[in-house]
Amino acid sequence: MSYEEEAEPNPCAWAAALTFDDNEMFSSVDLFISRLEVLRRIEVHLISFMTSGKLEFTAHAMGRHNEEVGAGGTARIGKKLAKVGRSAKKKAQICTVLAFVYKLVHENRHATQRDVFYCLIQHFTTQQELNQTIQDCVAILSCGRFSMNIMASTRGFVAGCIQWNDGDGWVDGTQTVTQGHCVPGYYSDNFQLKVTGKYLLVVEKDCFFQQFCEARIWEHLPCTIITGCGFPDVGTRLLASKIAHSTPRPIVLGLVDYNPYGVAILMTYVHGSKAMGLEVFRNTFSINWLGIHATEAAL
C-alpha cells in the first residue's frame, strides 16, 4: 500500500483526501476480445495440447522491479511463467473448462462461475478449485472472463451522471429514485458508456448511497455514485474502473468508514484482489479517501 499526501496539487483540498495510487502494473490479458478470436485461441491451445501434451500460459503481468505475476496472483521474480503442472487431473480440468467456454461462446450464451461449477460438478470438488482453473484459462487464452462469456454476479448499484448501453437500449443514471440502477453483470462487444460527471464517488454503505440518490446529489454536484454494498464484487469494480478511466477522467473520491474494514474496501478498488489473478491490473484505479483521517481523530 502506498499513498501520497502532497504528490501534486489536490483538486479536492476541501475534502482533505489522501490519495491511494494503483499498482502501476500492466497485464498482457485483454479483458475484451471478439468471439471469433476467443474460439480461435481455444482451438489453437487444444490442438497444441492434443499433439504435444502441453498447456502453456501465454499471459503475464509485470510490475515494479520486473516482478512477474502468475495466473493465481503468485509473484515469481525473474522467472518465466511455469507450464501447467504434470498433474493429469489438472490438465483434464483445464481442457474441460476450455471446452465448456468454447460451447458458451459458440452459442453466445453466458454463465456465472457458480453456474459453471454446477454444470461441471463431476470434475470439481469445490468452487475455489473451479475458480482457480478459470484463472488458469485466463492465463492460457490471454483474455478476461467476460470474453469467455463468464459473467460476474453483481450486487452493486450506480446512479448519477452516467449512461450506458449494453445492447438493450440506453440506461440513464439520473432517472432513478432511491435504489439506483443495478451494475451490469456482463459487458458485450457493443457496450457503450457515457460519463458526464466531474466526480466519481465510491460509497461503502448502501444506506448512504440511497440517501445521496434521494437528495439527487448529481443535480448539485456533477458526479456519478457507485456502491458495492460493502466489499465490492468484480462487476462493481469493473464498472468503477471503466468510469475512472473514461475521458475526461473524473476525480475519484472514496467514502468509507474510518476503520480497517473501510481501508480494506478502498484497497480492493486500488489494488484488486488475489482471486482476480491476471485480470486484477485491468480493473484498478487511484482513489482519494474522503472523510476523517488519523491526524484529525484527536480534534
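Is Gln-127 buried or exposed, and at what relative accessibility?

Author: Gln-127 counts as buried, because its relative accessibility is 17%. Buried stands for under 20% relative accessible area, exposed for over 50%, and partly exposed for what lies in between, with a 1.4 Å probe and protein chains only.

Two remarks on the basis of these values come before the rest. The model is predicted, so local features need a pLDDT of at least 70 and side-chain atom pairs one of 80 or more, while totals for chains, interfaces and linings use all residues. Residues are numbered from 1 along each chain as its sequence is written, and side-chain values use heavy atoms, with hydrogens and water left out.

Gln-127 belongs to helix α4, residues 127-141. Helices (H or I, at least four residues) and strands (E, at least two) are DSSP runs, numbered from the N terminus. Apart from neighbours within four places in sequence, Gln-127 is in contact with Gln-113, Arg-114 and Phe-117; contact means heavy atoms within 4.5 Å. With Gln-113 there is also a polar approach: a polar atom of the Gln-127 side chain lies 3.2 Å from the backbone oxygen of Gln-113. A polar contact is a pair of N or O atoms within 3.5 Å; within protein, one must be able to donate a hydrogen and the other to accept it, and residues adjacent in sequence count only if both atoms are side-chain atoms.

Ser-142 sits in the loop between α4 and β8 (150-151). Ser-142 is buried too, at 9% relative accessibility. Its phi is near 60°, a positive value in a residue other than glycine.

Now the chain as a whole. It has seven helices and 17 strands, and buried residues make up 50% of its 299 residues. Of the contacts with a separation of 6 or more, 73% join residues 24 or more positions apart. The chain exposes about 14700 Å², of which carbon and sulfur atoms supply 54%; the area comes from the Shrake-Rupley method with a 1.4 Å probe.

Some of the strands form an open sheet of three, in the order β11-β10-β13, with antiparallel pairing. Strands pair if DSSP finds at least two bridges between them. β11 (170-172) and β13 (192-195) are the edges: each has a single partner strand, so one side of each is left without a neighbour in the sheet. On average, neighbouring strands here are turned by 15° against each other, direction ignored. Strand β10 (residues 162-165) pairs with β13 over four bridges, and Ile-162 stands opposite Val-195 in β13.

Strand β16 (residues 251-255) takes part in parallel pairing. Five bridges join it to strand β14 (residues 199-203), and three bridges join it to strand β17 (residues 287-290). Leu-253 in β16 stands opposite Leu-201, and Leu-253 also stands opposite Asn-288 in β17. Four of the five residues of β16 are buried, which leaves the strand mostly covered.

In the loop between α6 and β16 lies Pro-248. A cis peptide bond joins Thr-247 to Pro-248, with omega about -5°.

The whole structure holds four aromatic pairs. Rings of Phe, Tyr and Trp (its six-membered ring) pair if their centres lie within 6.5 Å; planes under 30 degrees apart count as stacked, over 60 as edge-to-face, and the rest as tilted. One of the pairs is Phe-231 with Tyr-261: the centres are 4.9 Å apart and the planes stand at 85°, so the pair is edge-to-face. It links distant parts of the chain, since Phe-231 lies in the loop between β15 (223-227) and α6 (234-244), and Tyr-261 lies in helix α7 (residues 260-271), 30 residues apart. Phe-231 is partly exposed at 31%, and Tyr-261 is partly exposed at 41%.

Another pair, Tyr-258 and Trp-289, is tilted, with 6.0 Å centre to centre and 35° between the planes. Tyr-258 is in the loop between β16 and α7, while Trp-289 is in strand β17, 31 residues apart. Tyr-258 is partly exposed, with a relative accessible area of 41%, whereas Trp-289 is buried, with 7%.

Technical notes: Axes fitted to C-alpha atoms, helices over the stretch in contact; angles between N-to-C directions.
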